[in-house]
Amino acid sequence: MTFWQLAGFSFCYRSYILHGNVMDWGLFFAALSQYLYLVKFFLWEMGYMRSIDIIVDRAGYEIQWGCLVWVPAVYTFHSRFTVQNPSGLSFGMALAIFILSMAGVLLNYAADRERDVFRASKGKCLVWGSKPRYITAKYTIVDRETGKASEKTSLLLASGFWGMARHFQYFFELTAAYSWCVLANPAQNGMLVMFYAVFLTLLLVDRAKRDTEKCRLKYGKYYEEYCDLVPYKIVPGIF
């Protein structure tokens, strides 16, 4: 992740030197937006530890290989491609796409933060200025050593961002991802520069599906009630 954060500006410098000290604004703003996105990631790192990647998949071979190989190779591809193939975007066009990408980054953080505050306060907070709507879900866990069962509760937030779709934060993350790839100018450089965004779309749709299956097994009827309140997975009114 650190490589991803720093690689963009390295690519900017190489492009600047390679093309006669001319700044590629598409590459520059893509690098800047990804840098700020990863600042957010590191500030919210403990929140990531509570995500489905770690809870369900654990830190196994797939996750480790992804972080060491796939992320450096694929997540930086659209920026790396423009080192030798400049985007050709004007400052104004690149800036407009950058602003869109930052809206995605900030709203992604706002959604994650909203849920964290709700959980930390055990529902005793305001969401968008009102008392939150939520489901109190009960579930049973069994101690592997003693075999003793105990009942636990979780609060499933159905207000704010989390009342619009069960994974609305993914929509904002995809907004940023598509913006970064568009900054490589697929109209000029071909659709290959969109690979990261398409991959991330498939990854997050699959992750939302797996999360639904996990929660149905864990919470049973309570999760069905939650789905009745929040029927959409990622995009309100569509999916």
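**View 1. Contacts across the whole chain.** In this predicted model, 71% of the contacts with a separation of 6 or more are made by residues 24 or more positions apart. The protein holds 11 helices and two strands, and from the N terminus on they run α-α-α-α-α-α-α-β-β-α-α-α-α. Buried residues make up 44% of the 239 residues. Taken along the principal axes, the C-alpha atoms fill a box of roughly 70 × 40 × 30 Å.

**View 2. The largest nonpolar core.** Here are the 31 residues of this core, where Trp4, Trp180, Leu183 and Tyr196 touch the most other members. Two or more residues each come from α2 (25-43), α5 (61-75), α7 (91-120), α8 (168-182) and α10. With six residues, α8 gives the most.

**View 3. Zooming in on Tyr196.** Leaving aside residues up to four places away in sequence, Tyr196 touches Trp4, Val74, Tyr75, His78, Ala177, Trp180 and Cys181.

View 4. Which residues of α11 (residues 221-229) are buried? They are Tyr222, Tyr223, Tyr226 and Cys227. These four sit on the same side of α11 because they cover an arc of only 140° around the axis. Over on the other side, Lys221 and Asp228 are exposed. What covers the buried residues of α11 includes β1 (134-142), β2 (149-157) and α10 (195-219).

**View 5. The surface and its charges.** The protein exposes about 13,000 Å², with carbon and sulfur atoms supplying 63% of it. There are 25 positive and 18 negative side chains, and the centres of the two sets lie 4 Å apart.

Key
Residues numbered from 1 in each chain as written. Predicted model: local features only at pLDDT ≥ 70, side-chain atom pairs only at ≥ 80, totals over all residues. Heavy atoms only, no water. Buried < 20%, exposed > 50% of the residue type's maximum accessible area, 1.4 Å probe, protein only. Arc of directions from axis to C-beta. Contact = heavy atoms within 4.5 Å. Core = buried A, V, L, I, M, F, W, Y, C linked by side-chain atoms within 4.5 Å. Areas by Shrake-Rupley, 256 points an atom, 1.4 Å probe, with all protein chains shown as cover. Lys, Arg positive; Asp, Glu negative; His and termini not counted. Charge placed at Lys NZ, Arg CZ, Asp CG, Glu CD.
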